[in-house]
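Have the sequence and the 3D view open side by side. The walk below starts with a sheet, moves through strands and helices, and ends with a core.

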2 protein chains.
Amino acid sequence: MARAHWGCCPWLVLLCACAWGHTKPVDLGGQDVRNCSTNPPYLPVTVVNTTMSLTALRQQMQTQNLSAYIIPGTDAHMNEYIGQHDERRAWITGFTGSAVVTMKKAAVWTDSRYWTQAERQMDCNWELHKEVGTTPIVTWLLTEIPAGGRVGFDPFLLSIDTWESYDLALQGSNRQLVSITTNLVDLVWGSERPPVPNQPIYALQEAFTGSTWQEKVSGVRSQMQKHQKVPTAVLLSALEETAWLFNLRASDIPYNPFFYSYTLLTDSSIRLFANKSRFSSETLSYLNSSCTGPMCVQIEDYSQVRDSIQAYSLGDVRIWIGTSYTMYGIYEMIPKEKLVTDTYSPVMMTKAVKNSKEQALLKASHVRDAVAVIRYLVWLEKNVPKGTVDEFSGAEIVDKFRGEEQFSSGPSFETISASGLNAALAHYSPTKELNRKLSSDEMYLLDSGGQYWDGTTDITRTVHWGTPSAFQKEAYTRVLIGNIDLSRLIFPAATSGRMVEAFARRALWDAGLNYGHGTGHGIGNFLCVHEWPVGFQSNNIAMAKGMFTSIEPGYYKDGEFGIRLEDVALVVEAKTKYPGSYLTFEVVSFVPYDRNLIDVSLLSPEHLQYLNRYYQTIREKVGPELQRRQLLEEFEWLQQHTEPLAARAPDTASWASVLVVSTLAILGWSV
Amino acid sequence: MARAHWGCCPWLVLLCACAWGHTKPVDLGGQDVRNCSTNPPYLPVTVVNTTMSLTALRQQMQTQNLSAYIIPGTDAHMNEYIGQHDERRAWITGFTGSAVVTMKKAAVWTDSRYWTQAERQMDCNWELHKEVGTTPIVTWLLTEIPAGGRVGFDPFLLSIDTWESYDLALQGSNRQLVSITTNLVDLVWGSERPPVPNQPIYALQEAFTGSTWQEKVSGVRSQMQKHQKVPTAVLLSALEETAWLFNLRASDIPYNPFFYSYTLLTDSSIRLFANKSRFSSETLSYLNSSCTGPMCVQIEDYSQVRDSIQAYSLGDVRIWIGTSYTMYGIYEMIPKEKLVTDTYSPVMMTKAVKNSKEQALLKASHVRDAVAVIRYLVWLEKNVPKGTVDEFSGAEIVDKFRGEEQFSSGPSFETISASGLNAALAHYSPTKELNRKLSSDEMYLLDSGGQYWDGTTDITRTVHWGTPSAFQKEAYTRVLIGNIDLSRLIFPAATSGRMVEAFARRALWDAGLNYGHGTGHGIGNFLCVHEWPVGFQSNNIAMAKGMFTSIEPGYYKDGEFGIRLEDVALVVEAKTKYPGSYLTFEVVSFVPYDRNLIDVSLLSPEHLQYLNRYYQTIREKVGPELQRRQLLEEFEWLQQHTEPLAARAPDTASWASVLVVSTLAILGWSV
């Protein structure tokens, strides 16, 4: 998991099936800390004054004859993390959330993770709505704007799929959805808007790529040729698509090594839309040295994409797009009969399955990542009892340890370092100003990951250094059982994750417990930490050999503690008693769970067998690496924490008594 | 299950998620028995000559300037079973399946269940395609008809959802989907076409209804008022919707007590479109006695529906429809801004949850149904060894026993009575001419159900009267474990069936086994045996207290045997250790499983506990009924077959040895 994963929900609702959508978000916050009914209103000092920017925005809306204006929290590429100069929503609201402004009101929709933050940052111009998705926004719009009203939006901030969900929801309501090419917030933002990033775009070394870009381009072209509708071009809108296709990286987006770009790959040309000045002569020659016509990369300016696609669309062409990542602004320019649509582009689909080199690279990055996490856990064991560690300083330490690993390129998301009740917020990240001290009396949840040139990692462990309560142990063990039950599941090839994710929940459900987020997501090779469309959400594609996904059940007790156990796993072939095409998972995260929190009596013999085999694997993979690096204290810790767990059997009491009684009976004892 | 359930797939693919779609259908048939390359071709005697009707159809197509014409296997109401006069596809192809005719070719798409039948019945005019769904049909169309070609269809035979799937698949292909109001097959069919049914339409006695029709009408109107878009009318296209709303029944459709109808329920009127001459004065007064304006039912002619809706649409109205059951022919007549669309109409959604009276009625029908099935199983035990029973005569007996039960109104679908390898066909039904003798050397599968005034039933049991093989026992027990694991699952309220249906498969998957159909479907009160949208398919709605669904895992070994264990279960609240809103299932089918086929060593203590509790419930529910009816032999049989099963524990060998060893150790024995 990572924080922004869930943040994607409101606008990527079809894509990530809004992790919090399974269960209604719980109202954690009670009363709004703001009091807008007094004069002047009572507001926290952290609040941002938005009166002037809202007034200016409404003037722009009036010019366009709009009753309402939608301000999504995404950018033109459906990035999960977005660059500062795309943070329109945060700028206009003072806060992160989906926003809509009418002539009279302004409102933000967000789930429980952001309620507290919203109240701290938003002034009284803004209503806070504690729901997510298109439906509640449209419901509100219908009461706020009159029949005949026009609802404006920036066509480069709504994907085709999102636009369709608005269009459907507004159907028959006599309110019109209006595409406004100029972003009205940007007009108001003016010179305050941060500039577009401009760092160099560089090519990955061959050692860190699964195939050359030429091989990838040929692969996509071959898919175009085999396609029933024979598209003449593929348009790539997601930044990770272009980064993957050309094995290029940069740092435009926090935590994601991408750069602003589009690619129009046609049957006879390769057109990369980006800022040409950012390519070194070395990179330019990497893209163009000794190439012949259809294999040369033409670099065109990023801002030309709309015009270029429009011009290309005039010919006898068919453009293949994925509707999840392509914006309505592109879609509305291409005549419908010239579109070949799928939910995901062929690049998204190909990237989802790692070849053997990519698998080896990702696995290697996870071994080193385990070293960093183990170093941190050992460090915590020594330092937490001293009372000198807080959530923020802890996060800095684990980031530092990761940074010391070979091929490190920073964290893959903002580290979630949460102690005690903060972990129940599930997506909490501490700040230098606002954090909690770690203590042996509380549980501590660490959800973190690294970007390495060979792979992206993401792991969550929850620990307790003192005496956990019986309920904490029970909840932890049920989460662990969920992780094991899903990890060891054998299922037919091409099963969708959604069909099997409940195995991670059953042990919790059985006791009336659950978690309100998704169970896992794909992950990339030095790409996204949440690499869709792999995962367990409803809109994810079927599981196939060679995919990587996280498996991450949890449990959160409001105001008390939070548990999550997250591993990354490779989808592999399973051997079954009767022959067939079956899959299972091979876990590639190599950090032991907390023995202090496991109630062995809840585990079946099969769970114990699985766990002890996994611990043996951790020893084999990470042990030698720790020894090689002379991390002997960490090696000792690892040996201790991967000792085989012994069975205790109160849960099989029925069997125990049957067997003891029968043994005694055999022996001639009366009972 | 029931045969036609799976038959719905090709055209209802979104609705029932094509039960066979999980896994690729297996090619059972090998070579086509027809040989169309000889002159004259070799054809089975059962083949129907379609040359003349195809020629006539192509003349009609030429008149309309069509390159292709789609012939769906449904009627204007998306009925699963259809009346004889709607059997256009069967008439033109000589067979059941989705059909498309071009000027040169004619083709049928169907899954493995119908391959043998197709070869027996179709002449050489027809190609057989062994796939289902819109995609393979469109793929074929794109190669068969030229660019610019027009693909015709009857707008009253494609639902909005199906039309959209064609429209999407043809997008960008330069082939046009053309709505042709006159059905071209009907023109060719001419006077041979069977007449529309004309039996009386009657009202159910109050004892058999959950609410009066006036209460139901008020309930729907109240939903209209509460709806955000305040629809002014609800249009009901599915026959079961009108039957349910008015508590009216007839016998237009085989196995389903429906009559051809539409309902337009507005805020101020109730317009029932049906053949008025079919209502007795008693029924007319039931609908109109002492009513005032908005609560009086106006009966208009069935054929008027299109014109009436068009006229109504001229006003300031908003018509609420369900896109799964409303035909494109209705949709294309209503201006889009006057439509309020959901996947299912409010009547479909309301009907899905049974009130307490409806629950009691459905349960009562299942007790009597169990009596009929138990009588048949006892009868089989005596008669199969004599060698006098075949699949067809057996089916007649169980239908007869059901017919003798109180409130019986015939079978709820064509009885699947399948011995040995025929059961591997999964949806096989015997005929008087083609059937197999039942034997103590083979497994026998019976999937059958009844229509009773109080409820509709559906149950499958698989039995073996001799010595089953170890593999047969293993497969049967794994199917049973699947049934139990899903039946006893505790899950959060509002979980969708799709998310939990894999619990019915896990025990099979574990060994590399699976089944290629869905896991269950809703069921009605003297309505459909497959009452959607309740069930475990991808497009089914979330589970809620008061729904009924079948739970029916299976296993099929081609050419050898087939196993299915199907029960109907009520969704009830679950009590959990920690409080929360959780659900589970209460099984209401009351026939024991076959002890001869259960390998107890595969069952966990929890499985045995569940099974023995279920058997106790069967004794309590059905025992007194058998005694009351003096069915003493059957009572004796029931007692025997519900004896508690005792544990055997080879599967827990690890525990056994641990415990025995430790017991011996305690006793001071050395081992």
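In this predicted model, start with an open sheet of three strands in chain A, ordered E16-E17-E20 and paired antiparallel. Helices (H or I, at least four residues) and strands (E, at least two) are DSSP runs, numbered from the N terminus. Two strands pair if DSSP finds at least two bridges between them. Strands of a sheet pair through backbone hydrogen bonds, either parallel or antiparallel. Strands E16 (416-419) and E20 (459-464) of chain A stand at the edges; each has a single partner strand, so one side of each lacks a neighbour in the sheet. The twist averages 10 degrees from one strand to the next.

Residues are numbered from 1 along each chain as its sequence is written, and chains are lettered from A and ligands numbered from 1 in the order in which they are written. Local features need pLDDT of at least 70, side-chain atom pairs count only at pLDDT 80 or more, totals for chains, interfaces and linings use all residues, and side-chain values use heavy atoms, with hydrogens and water left out.

Four bridges join E16(A) to strand E17 (residues 443-448) of chain A. A:Ile416 stands opposite A:Asp447 in E17(A). Helix H16 (residues 391-403) of chain A lies across E16, E17 and E20 of chain A, at about 145 degrees to E16(A). Axes are lines fitted to C-alpha atoms, for helices over the stretch in contact, and angles run from 0 to 180 degrees between N-to-C directions.

Now find strand E22 (residues 548-551) of chain A. Are its faces buried or exposed? Both are covered: A:Phe548 and A:Ser550 on one side, A:Thr549 and A:Ile551 on the other, are all buried. Buried means under 20% relative accessible area, exposed over 50%, partly exposed in between (1.4 Å probe, protein chains only). In a regular strand the side chains alternate between the two faces of the sheet. E22(A) pairs antiparallel with strand E25 (residues 567-573) of chain A over four bridges. There, A:Ile551 has A:Asp567 as its bridge partner.

Turn to chain B. The axes of helix H20 (residues 605-628) and helix H21 (residues 632-641) of chain B come within 10 Å and cross at roughly 175 degrees.

Where does the core come in? In the largest nonpolar core, of 351 residues, A:Ile598 and B:Ile598 touch the most other members. Such a core is a set of buried Ala, Val, Leu, Ile, Met, Phe, Trp, Tyr and Cys residues joined through side-chain atoms within 4.5 Å. B:Ile598 touches B:Leu480, B:Leu611 and B:Tyr615, among others.

Finish in chain A. A:Leu608 is found in helix H20 (residues 605-628) of chain A. At 5% relative accessibility, A:Leu608 counts as buried. Its contacts include A:Leu603 and A:Leu645. Across the 671 residues of chain A, 62% are buried.

Key:
Contact = heavy atoms within 4.5 Å. Lists of a residue's contacts leave out its neighbours within four places in sequence.
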